[in-house]
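Thanks for coming. Please have the viewer open.

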Amino acid sequence: MISDQACLISQKSLGALGTLLVLVAFFQAAGQTAHSNSPKGDRYIRHVVQPHQTYDLIARVYGVTGRNLAAFNNLEYHKDEVLAKYLTIPVKRSNNTVAEKRSNDVEQKVKGKLETSVVFKNRIRRTANDYFPVSLENELISPSGRRPIQTSLPVASRRDTIGFTPLISRNASTVSPASISTVKQVFLQHKQIGTVPPSHPITVRSVAVPSPTNNHTSSVISTTYKVTTKAKLSSSGNRRSKPKTRVEKVYMLVRTQIIITLSLVALIFSCMVTRNRRAIRTAKSEQFLRSMLIDNVTSHPVFLDDPSRQFHVSELWKKQLKKRTTRTFIIDEIITGRKNIKGKIGENFLKLYVGLKLDEESFSKLKSKQWNQVAQGIQELALMEQHHRMSDIFREINSKNEYVRAEAQSALVYLSGFRGLWFLKVLSHPISEWQQMRLINMLSSFPVSNIPDLHILLSSSNQSLVIFTLKLISAFQQRGMHNEVIRCLGTKNELVNFHAINCLKEIYNASTAKTLAERFPFESRRNKFAIVKVVGEIGDESQIDFLLRVLALSDNAFKMCAATALTGMGNKGSYLLEKYCNSKGDPYSQIFRHIKSAV
Amino acid sequence: MIWFEIAAGMFIDALYFYGLFMLIFYVAIAIVSIDETLQNYKKNSSTDYPLLATSDNSPSVSIIAPAYNEGVTIIENVKSLLGIHYSNLQIIIVNDGSTDNSLQKLIHAYQLYKVEFFVDSPLPSKRVRGVYKSLNAAFKKIVVVDKENGGKSDALNAGINIAANDYIVAVDVDCILEQDALVKIIKPLIDYPKARVIASGGVVRIANSCIVEDGKLVKVNLPQNYLAKVQTLEYLRSFLLARMAWTRLNGLLLVSGAFGAFDKDIVIKCGGYNTKTVGEDMELIVRMRRYMVDRNEPHCVKYIPDPLCWTEAPSTYKILGRQRNRWMRGTIETLLTHKTILFNRRFGLMGMASYPYWFFFEMLGPPIEFLGLILFLAATLFGLIQWSFFIAMVCVAITFSCMYSAFAILMEVLSFNRYNRPIDVAKLLLVAISEPFLFHPFVLWCHITGIIDYLKNKRGWGEMTRTGFNGKLSELKV
């Protein structure tokens with residue numbers, strides 16, 4: 001019969017999250033492989049063919065032959081101008097790794113637009129690349145002809161471009177293969193793994209960059225960069241290497257999650273160990289403190305012989321009281337002792353509390369910024385009967401925090417009984433039903449005296465205050481308030497009316513039942529039931545006609561309620577009920593049997 | 001072709017944001033939930049709960065416990081309910097047409113006799129055959145209702161019709177309640193003056209392998225059965241890292257059917273439990289909230305983080321499958337019945353966050369996951385995706401699951417610490433690792449079958465088997 005669907009939340013969500021990651025990856029990969037025409041796994045340079053370029057010209061730039069280039073692209077070799085829009089260059093992966101990074105770096109740097117929201121631009125570019133499969137010129141591509149998202153251009157800062165100076169012309173036709181083939185691979189490898197590279201000019205091989213001014217007329221260039229600032233390269237070399245491919249990025253996420261998980265596991269066990277050790281330690285110290293407390297309360301000479309003497313705080317106490325946790329424990333123990341033990345010993349707990357200056361500790365909590373500390377401080381001061389702190393507690397009556405307010409209200413009532421209710425006159429917040437119950441419960445232990453003027457409270461605009469006042473009138477049977485309560489029946493608030501009806505049950509006079517019966521047509525269904533019940537309890541035979549009228553209503557619930565009320569009208573009521581039910585048949589006869597069964 | 005690419009690209013982006021949003025959402029919800037749990041702890045650390053149990057002014061409560069063929073455990077379970085200390089209490093046991101000897105056992109154990117009872121029926125339910133009360137004054141709180149079989153919702157409606165008090169507490173009769181469970185669940189109903197609290201709930205825990213004596217939980221143990229152990233972890237995640245956040249946001253759509261308190265007046269006004277759905281607990285809360293919003297009455301549903309109720313979790317794949325299938329159907333039925341709430345500003349956060357969350361993540365999550373897995377596997381097998389990438393993505397899902405579970409365990413250790421032995425925590429952590437391989441695929445499949453069954457218009461609860469806390473088996477057929 002378990003019908004809880006709680007686990008759906010975590011179970012499905014985790015699965016769905018995994019699926020989403022999988023789905024996203026799938027569609028990206030699907031897009032990536034949509035135009036696959038080359039062996040899988042390898043990555044190549046795409047060359048956008050410019051006007052008047054031949055296979056040989058292009059091939060020479062990349063260090064391959066024209067025939068191989070044509071064959072690789074499934075095209076027929078000739079010496080004329082290449083008609084294809086772009087060619088895939090058969091360059092080996094080992095070179096590509098270097099070329100890819102440098103290509104992207106250089107392209108970014110040359111564009112010179114890296115200072116603002118590079119991530120955003122990458123995203124835009126990526127999206128455009130996804131929607132419109134027209135690759136940017138001469139960039140690294142996958143065999144499908146589509147650049148994967150994760151290979152988006154790396155983020156570079158303007159600072160990175162400062163130390164680099166192009167040493168050769170951008171004109172591809174003037175570049176000799178020799179000038180672009182002297183790559184210092186060591187440098188780039190060093191840079192990737194984060195070590196300090198040598199400081200000397202380097203040449204990057206097989207780097208194709210678009211023209212910084214006009215992409216459409218850009219030509220393949222080979223660029224050599226001279227390292228001018230050793231420090232800059234060192235700093236960039238010290239940077240943590242970023243994952244290059246999508247798989248690497250995903251694995252980086254996995255590594256991060258594993259690290260977090262392991263940290264959590266370590267935290268779990270360290271918490272458990274710490275808690276267990278602390279529990280053992282605390283148990284010992286608590287035992288010791290408890291015995292100290294009992295010794296002081298029961299046998300300290302100050303408490304036994306001369307109550308007027310000042311309590312001298314021993315060095316042992318001073319040592320113990322240095323710790324905050326110990327102070328808290330002692331306060332809790334003293335409060336428990338005060339609550340549970342009456343008489344002289346109980347009084348001694350109070351003296352000890354003051355003697356150890358724990359009242360100052362409690363009072364200092366009132367200044368705390370944490371609401372729970374303030375509430376706790378108020379509670380402690382009240383339970384330890386610190387009457388002289390009442391004005392401080394009173395300040396919290398309209399605190400922003402409902403729990404501080406509630407504790408302040410309770411404290412005032414606890415400290416001064418009915419007189420404490422004067423806070424009601426200045427209260428601007430509602431009082432919860434729970435708080436009303438607490439206050440009434442506290443008040444019930446005080447002799448009924450000094451009840452504040454409740455007339456004003458009954459006319460308050462604070463609905464909960466009116467209800468609380470009605471409960472007070474009812475609980476402490478303030479019969480003098482009868483007419484005011486009757487007046488409350490005229491309000492538009494259903495809840496106030498409900499409590500007023502129930503209140504009248506406790507403070508009724510000869511006219512109350514009649515008044516309630518007259519109100520019956522104007523009240524809500526819930527209040528009508530309340531009226532019938534109250535009339536049944538406080539009414540006399542003159543109300544039997546009213547109850548018989550209710551019994552005749554079509555609503556079975558009213559029939560049941562009226563029948564129950566009639567049985568409270570003595571013999572006459574019971575007789576008339578039986579007579580009526582027998583004459584009417586079902587459901588009245590069933591109702592009558594129910595009443596007789598006295599369920 | 002370009003249009004295909006554009007569409008694919010847009011779809012990728014939509015999914016990307018969906019996944020990202022979900023991830024952020026879960027992290028945010030977990031943080032809010034923890035904060036709310038902490039606040040709740042501060043609020044109630046010095047609450048005088050016994051006052052609520054003993055005061056004459058405390059609200060009157062009727063506990064309603066439907067029972068169907070619970071003969072094995074019924075006596076012990078009722079004893080557990082009788083052990084609840086609350087002055088203004090009525091306990092209604094509804095025998096929902098049991099075919100076993102549940103009623104006879106109750107009559108014998110609690111000295112019951114049949115009374116004449118006029119049942120006014122504001123809520124629809126099957127015919128009540130009889131109402132029983134005890135001759136023994138010690139059991140005067142008990143009312144046993146014998147009725148024709150009509151399912152859990154029907155039994156609860158019958159119980160509400162009989163209930164005499166202002167608040168009703170629906171409880172699965174096989175659950176073991178904590179001693180202070182009732183006062184803790186009732187307090188939120190009367191401690192929020194800003195709005196009317198229409199329902200409240202508390203944390204449900206797994207009772208398998210726990211020691212129960214005389215209807216009371218004596219010792220908490222981690223279940224020995226693997227499935228029960230995983231469900232323990234699931235419950236921890238769900239209750240510690242989600243529910244409290246929805247309480248804070250006033251967007252809670254579900255109070256556990258195993259243990260939940262309701263304002264009887266509102267329940268009756270909005271028509272009681274829906275007997276046509278298998279997700280009656282969630283459906284009732286959503287309908288109650290709709291009712292309040294329609295009348296423009298400020299209201300809220302409260303949840304407390306304290307473990308209040310211990311229930312027996314399914315320990316076989318067969319029973320678990322039926323349960324999860326039913327939960328899925330219940331979720332779909334409820335969400336589609338109240339689809340008008342979706343992105344409806346009138347419903348506030350419920351319409352703009354809570355309901356959409358349930359709709360897009362809880363209801364649509366499993367089919368998306370299932371479809372995604374199939375497509376992804378197919379793409380990998382056909383060589384469209386590299387295996388390395390496939391493995392990497394699977395690793396992401398698994399490590400995220402482990403991380404989230406570890407976080408939930410940490411929260412448990414820091415808060416209630418019911419599983420306080422290091423070996424138990426270690427076991428839970430191992431379960432967290434194995435869950436994505438052994439448990440989750442099965443649950444996913446159950447959800448899919450649930451969707452299929454919903455589409456086939458299947459409405460039944462299915463067969464349930466209980467072991468009982470004393471180890472005996474009982475068969476339940478509805």
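**The sheet in chain B**

In chain B, strand β1 and strand β2 (residues 89-96) run parallel and are joined by seven bridges. B:Ser62 stands opposite B:Gln90 in β2(B). Before going further: this is a predicted model, in which local features need pLDDT of at least 70 and side-chain atom pairs count only at pLDDT 80 or more, while totals for chains, interfaces and linings use all residues. Residues are numbered from 1 along each chain as its sequence is written, chains are lettered from A and ligands numbered from 1 in the order in which they are written, and side-chain values use heavy atoms, with hydrogens and water left out.

Some terms, once. Helices (H or I, at least four residues) and strands (E, at least two) are DSSP runs, numbered from the N terminus. Two strands pair if DSSP finds at least two bridges between them. In general, strands of a sheet pair through backbone hydrogen bonds, either parallel or antiparallel.

At the β3 end, strand β3 (residues 112-115) of chain B pairs with β4(B) in the antiparallel sense over four bridges, and B:Leu112 stands opposite B:Ser134 in β4(B). On to the next pair: β4(B) and strand β5 (residues 142-147) of chain B run antiparallel, joined by five bridges, with B:Tyr132 opposite B:Val144 in β5(B). How many residues of strand β4 of chain B are buried? Six of the seven in residues 128-134, so defined: buried is under 20% relative accessible area, exposed over 50%, partly exposed in between (1.4 Å probe, protein chains only).

Strand β8 (residues 196-206) of chain B pairs with β12(B) in the parallel sense over 10 bridges, and B:Ala199 stands opposite B:Val301. β7(B) and β12(B) run antiparallel with two bridges; there, B:Leu177 stands opposite B:Cys309.

One loop residue belongs here. B:Pro59 sits between α2 (49-54) and β1 (61-67) of chain B and counts as buried at 6% relative accessibility. Beyond four places in sequence, B:Pro59 has contacts that include B:Leu52, B:Tyr86, B:Tyr167 and B:Ile190.

**Chain A**

Chain A has 29 helices and five strands. Of its 599 residues, 51% are buried.

In helix α2 (residues 55-62) of chain A, the residues A:Tyr55, A:Ile58, A:Ala59 and A:Tyr62 are buried. Seen down the axis of α2(A), the buried residues fall within an arc of 100 degrees, so they line one face of the helix; the arc is that of the directions from the helix axis to the C-beta atoms. Just after α2(A), A:Gly63 takes a positive phi of about 80 degrees.

A:Glu407, in helix α18 (residues 402-416) of chain A, is buried, with a relative accessible area of 10%. Leaving out residues up to four places away in sequence, A:Glu407 touches A:Ala375, A:Ile378, A:Gln379 and A:Arg438.

**Cysteines**

How many disulfides does the structure hold over all chains? Zero, where a disulfide is a pair of cysteine sulfur atoms within 2.5 Å. For B:Cys175, the nearest cysteine sulfur is that of B:Cys309, 3.4 Å away. B:Cys175 counts as buried, at 1% relative accessibility. The sulfur of A:Cys271 is 19 Å from the closest cysteine sulfur, in B:Cys402, too far for a bond.

Terms used. Contact means heavy atoms within 4.5 Å.
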